[in-house]
Amino acid sequence: MNLTLSGMAAVLYDGEPLTLTDDEMTRVERAYRFLSTFADDKVIYGINTGFGPMAQWRVSDDRLTDLQYHIVRSHATGMGDPIDPVMVRAAMMARLGTFIQGHSGVHPDVVRMLRDMVNRHITPVVPRHGSVGASGDLVQLAHIALAMIGEGRVWYGGQQMAAAEALASEGLTPLTLRLRDGLALTNGTAMMTGIATVNQREAEHLLDRALTAALWMNEVAGSYDDFMAEALNAARRHHGQMDVARRLRQMAEGSRCLTQREHELYDTAHRETTTFERKVQAYYSLRCIPQIYGPVAETLENARRIIEEELQAANDNPIIDVDSANVYHGGNFHGDYISMEQDKVKMAMTRVAMTAERQLNYLLHDRLNGILPPFLCMATPGLDYALQAYQFTATSTTAECQTLAMPNYVHSIPNNQDNQDIVSMGTNTALLTTHVCRNVREVLTILYVALAQATDCLHLADRLAPATRRAYDMVRSIAPAITADRPPYGELSALAAKL
């Protein structure tokens with residue numbers, strides 16, 4: 001099983017089957033056999049004790065199997081809208097990633113059932129509300145486990161139905177829980193990690209789109225190109241800034257819109273000039289792109305590392321270690337790593353929305369740019385409004401991002417009779433990050449429309465760099481130039497999907 005973001009994407013988006021190696025299955029079987037013997041005469045949490053604060057009660061030997069079903073059924077208390085099925089599939093893969101480490105002690109049937117449900121697109125319906133992100137994503141993972149035992153509901157064939165019906169359609173027998181399977185299925189960070197996996201893909205794509213827009217902005221403005229110069233950005237030393245500047249220089253190859261400062265200002269022609277028609281330095285939202293998006297790039301780079309480490313981690317409790325012949329009790333289910341990184345990602349993506357909104361304002365504000373008509377109106381000002389109302393949507397959506405960007409990781413509320421006295425709220429954080437990413441896509445969509453309109457106003461299409469010309473052509477394949485007012489909401493939705 002390829003437990004990287006690219007490996008996850010191959011299964012989630014490209015239709016590749018999820019496969020398990022013989023070595024992975026051997027680790028699972030070895031841990032299960034060890035635990036089966038080791039647990040015979042010992043007190044082990046969640047095998048012969050209750051859960052959480054009720055761990056102080058021993059469960060009689062004749063009810064141990066019932067115990068595993070009780071945690072699944074009792075914890076399926078989620079409410080709210082269903083989580084995106086692709087995120088649930090990612091969570092199922094993340095749980096598999098934990099189990100194949102051989103530290104969970106699950107029966108091999110658990111692993112096989114998760115694999116088969118992913119490959120056959122039987123996706124549990126999982127409500128968004130329920131997890132506090134410590135002891136893992138108990139509630140959401142209980143809904144996944146419930147479907148595995150043939151209860152609850154799933155997405156199958158494009159519709160919701162009873163899990164038992166979908167399993168039967170694929171010739172699958174509901175899972176029989178053993179030893180500690182119920183606890184292992186519910187006790188981990190898989191839901192927040194699955195959501196973060198999908199968020200990461202979206203955020204990285206959005207940064208790519210934002211960099212294209214940033215170069216395109218500077219082409220429209222006819223900016224001096226030294227804002228992305230190698231020597232300038234290397235002097236700052238931050239590798240994210242240097243990487244963003246390098247990417248901008250690569251995309252700018254072939255552009256005939258940018259200006260070289262040494263050709264206009266570093267000669268003697270301006271010796272007697274007292275004022276300059278062209279701005280000597282552009283506004284920050286144009287010339288500070290490496291400095292603004294550099295930290296965003298580094299944030300996403302670190303988030304990718306943390307997510308991939310979590311995908312390959314044993315993040316439940318207790319941890320079975322066959323090599324030392326011991327069972328360790330601790331808190332590997334705590335979601336702090338994912339929660340903190342998702343907070344950082346939503347802050348970084350909010351910064352992208354803020355920058356894009358300011359770039360949009362520059363394009364629409366004729367007294368700022370000095371080269372474009374008000375609101376990019378190509379018809380009759382006062383009668384036609386062109387992109388005036390587009391900005392309302394972009395600004396309000398950016399404002400919502402700013403509210404959602406406030407840290408969620410610090411919003412711990414003790415619960416569970418104070419057994420869970422400090423929690424990560426990781427799944428909430430990841431879902432908020434999803435909301436922010438979708439908002440950023442909408443703001444960038446509006447910016448792309450404005451950039452295409454500005455390009456037409458200035459007749460620049462044939463002078464753009466190939467990279468930005470492709471972006472222009474993409475916009476125009478969906479949204480024609482605005483030469484008379486029309487309702488644009490359908491075009492915006494279609495372009496957002498394309499982005």
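Tutor: Let's take helix 11 of this predicted model, where G240, Q241, V244, A245, L248, M251 and A252 are buried. Looking down the axis of helix 11, you would find these buried residues within an arc of 135°, so they line one face of the helix.

As for its dimensions, helix 11 has 14 residues and spans 20 Å from its first C-alpha to its last, close to the 20 Å expected at 1.5 Å a residue. Just after the helix comes G254, whose phi is positive, at about 95°.

Now step back to the surroundings. The largest nonpolar core has 74 residues, and W216, Y293, M349 and L363 are those with the most contacts inside it. Helix 11 (239-252) is among the elements that give two or more residues to this core, along with helix 9 (190-221), helix 14 (289-311), helix 15 (336-364), helix 17 (388-404), helix 18 (426-458) and helix 19 (466-476). The biggest share comes from helix 18, with 14 residues.

A search of the whole structure finds zero disulfides. C377 is in none, and the nearest cysteine sulfur, that of C457, is 8.5 Å away; C377 is buried, with a relative accessible area of 9%. C401 is likewise in no disulfide, with the sulfur of C437 as the nearest one, at 8.8 Å. C401 is buried as well, and its relative accessible area is 0%.

For a contrast with helices, turn to the strands. Three of them make an open sheet in the order 2-4-5, with antiparallel pairing. Strand 2 (123-124) and strand 5 are at the edges with a single partner strand each, so one side of each has no neighbour in the sheet. Strand 2 pairs with strand 4 over two bridges, and T123 stands opposite W155 in strand 4. Four bridges join strand 4 (residues 153-156) to strand 5 (residues 159-162), where R153 stands opposite A162. These two strands form a hairpin with two residues between them, and G157 in the turn has a positive phi of about 60°.

One last stop is E491, which lies in helix 20 (residues 489-498). E491 is buried, with a relative accessible area of 17%, because buried here means under 20%. Leaving out neighbours within four places in sequence, E491 is in contact with I478, A479, P480 and R486.

Technical notes
Residues numbered from 1 in each chain as written. Predicted model: local features only at pLDDT ≥ 70, side-chain atom pairs only at ≥ 80, totals over all residues. Heavy atoms only, no water. Buried < 20%, exposed > 50% of the residue type's maximum accessible area, 1.4 Å probe, protein only. Contact = heavy atoms within 4.5 Å. Core = buried A, V, L, I, M, F, W, Y, C linked by side-chain atoms within 4.5 Å. Expected span 1.5 Å × (residues − 1). Arc of directions from axis to C-beta. Disulfide = S-S within 2.5 Å. Pairing = 2+ DSSP bridges.
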